[in-house]
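I opened these notes to record a search for charged side-chain pairs. The entries follow the order in which I looked them up.

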Amino acid sequence: MAGRRRKSIDRRITVATPESLAIELLTNTIIFADAWGEAIQQFDPEQLPDLPADLRGLLAVAFREHGAGQSPATRRTTWGAIRRFARFVADDGMIKTAGDVDTTALGRYVLWLREQGTSRAPHGAHTVAFDVLRPLLLWCQRNRPGVLARDLEIPWNPFPGRRVHQQPRRRLPPDQIKAILRACYEEIDEIWARFQYGQEVIRCPELPPKTLRGQGLDRWIWRISRIEGGLMPDRADLEEHGIKSATLVKFWGGYRTITQYFHITADTVVPFFLAIAIQTAANPEPLRYIRRDCLVPHPLDEHRVIIDWNKAKTSARLQKAQRRSFDRRRQYAAPNLIEMMLALTEPLVADAAPAHQDRLFLTRSIYAESVRRSLRSRTEVIEHSVLRRAILRFTKRANHLTDRWNAAHPDSPRAPIASFAPALFRGTVATEHYRASGGDILVAQSILNHASPATTETYLKSEETTRLQRQTISRLQDLMIAWVRGADRTGRSPGSSVTRAAVPFGHDCLAPVTSGPNGAERLCPHFGGCLACPGLVIPIDTGHLARIFAAIDQFEQARSRLDPRRWNLLYAPSWRILTQDILPDFPVAMHEAARTLATGMPALPELE
């Protein structure tokens, strides 16, 4: 019996046509869901009636695929850019299909945006509109080849010089940062003491005894904790159990104060959030969503702890890791504050939505009814508007205590806290580190964890930093000229003492001692790590190239012997500078002689 011949499986990868994409998305709303399948955002392609059907479907697919890894705020900005492009298509009248989107069309769009930018649009909005549209067009070229014009070239910088007239970012004076930290630490001590006291009472197996004046605080805390399993109930629930809000206000400071004995509140989140934001110089929005498992032991120092959090990038799905290490022996070090926050929010974790249970800055609304609260659920990550109002109350409380202090200590008055926002901390902290390092932008770049110093410069731009940059450049130029001429390589005045130091490649360091911000001399912050010095000068000769080869060989031998994490942390930066920045500057014809010379040089010490 002859068997039936099965039909072969078509395993070819097909690309959907623009027509099918348009039909699919013209009637479908684009819905973005969280990891648990709950819809959190939706966008209607019918809001783009000015786009041709095929182009509308193409951009809708690109937005749906590319926006899956973006934050809700970035998706709203991207959708606004698509709608803006649709208005251009309507005004232009020359784009009838997706194939009409060519280089010339984008040039007309740039001119249209420039006209919009000089009229009613906010400053810089035309640049943002093009920057967030570019990834969508690139996605279409990669995943739907041939749909857009084949000769389409997307300009990378259609608005050159847009930051020339950018105003410097607002920064807080150093005394304001100190005043904010002092107020934060004072409230943190009070919050932590109140929470620990409340937890001790809640753990009591029996109702505490009465006091001479009636029920007493311990009995109130114990009774309230039994209503919702250790959480502070709504006012209506308290009334049902015979506990009147007026009694709490009269004797114990009110509902918000009593809540602090049970768990974190919106008001008690603020001092922790502000202190951690200042110490880490983190962006406020990524910090608001920091995870509970953000503390990582330092691989080399048992007294230090690494704080690890993610910062979402505008045009990429992958998030960029942010890391800072702190010495936890300091009382108010950021890791210690995070451990307090973990304890303060632990009672709320089980009550939070699944998408928020792994977040640190949880808070619980005082209202059980959804119509009376700004949060989508009663327990979740503190909402931006709630945090902003809580910061205003924090400032008011701090200034009230400052007034009382100044009245009691007229000889040592404290400055009040002016209006501020957490977004100002990042630039302020970067500027202070830049000033303390004597104008080294790499120090500020490492604090802000930027990939490019050009981004860091936007945070530092000011008259003071510009003056410091010019002074640094002038000093380095003087040192360079002195080295070339071979006279007075120290760069000091004739009457000063000469200080020299040897660096790893056999030449002299011209300025191992530098002037600090107050004029006092101090050891150069790059001493011992001279490869990162902005004034490093290595002559192009065989002797110095031989030393470089010897150092590279030693680094590579250590890489095969040491723990990879230790090597990457301690030696990888220097190895990359040698191999990628310095070695390519030497002529290839010089390598053979330098290799021969390196074999007869004394062996370098082994790296540990």
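Which side chain does E339 meet in a salt bridge? I found that its partner is R328, with 2.4 Å from N to O. I took a salt bridge to be a side-chain nitrogen of Lys or Arg within 4 Å of a carboxyl oxygen of Asp or Glu.

I noted that this is a predicted model, in which local features need pLDDT of at least 70 and side-chain atom pairs count only at pLDDT 80 or more, while totals for chains, interfaces and linings use all residues. Residues are numbered from 1 along each chain as its sequence is written, and side-chain values use heavy atoms, with hydrogens and water left out.

I placed E339 in helix α13 (residues 334-349) and R328 in the loop between β5 (319-327) and α13, so the pair ties together parts 11 residues apart in sequence. Helices (H or I, at least four residues) and strands (E, at least two) are DSSP runs, numbered from the N terminus.

I next looked up D131, which forms a salt bridge with R134 at 3.3 Å between the closest N and O atoms. Both lie in helix α5 (residues 125-143), three residues apart, about one turn of the helix. D131 is partly exposed at 26% relative accessible area, whereas R134 is buried at 8%. Buried means under 20%, exposed over 50%, and partly exposed in between (1.4 Å probe, protein chains only).

I then recorded the salt bridge of D553 with R595, whose closest N and O atoms are 3.1 Å apart.

My search of the whole structure gave 21 salt bridges.
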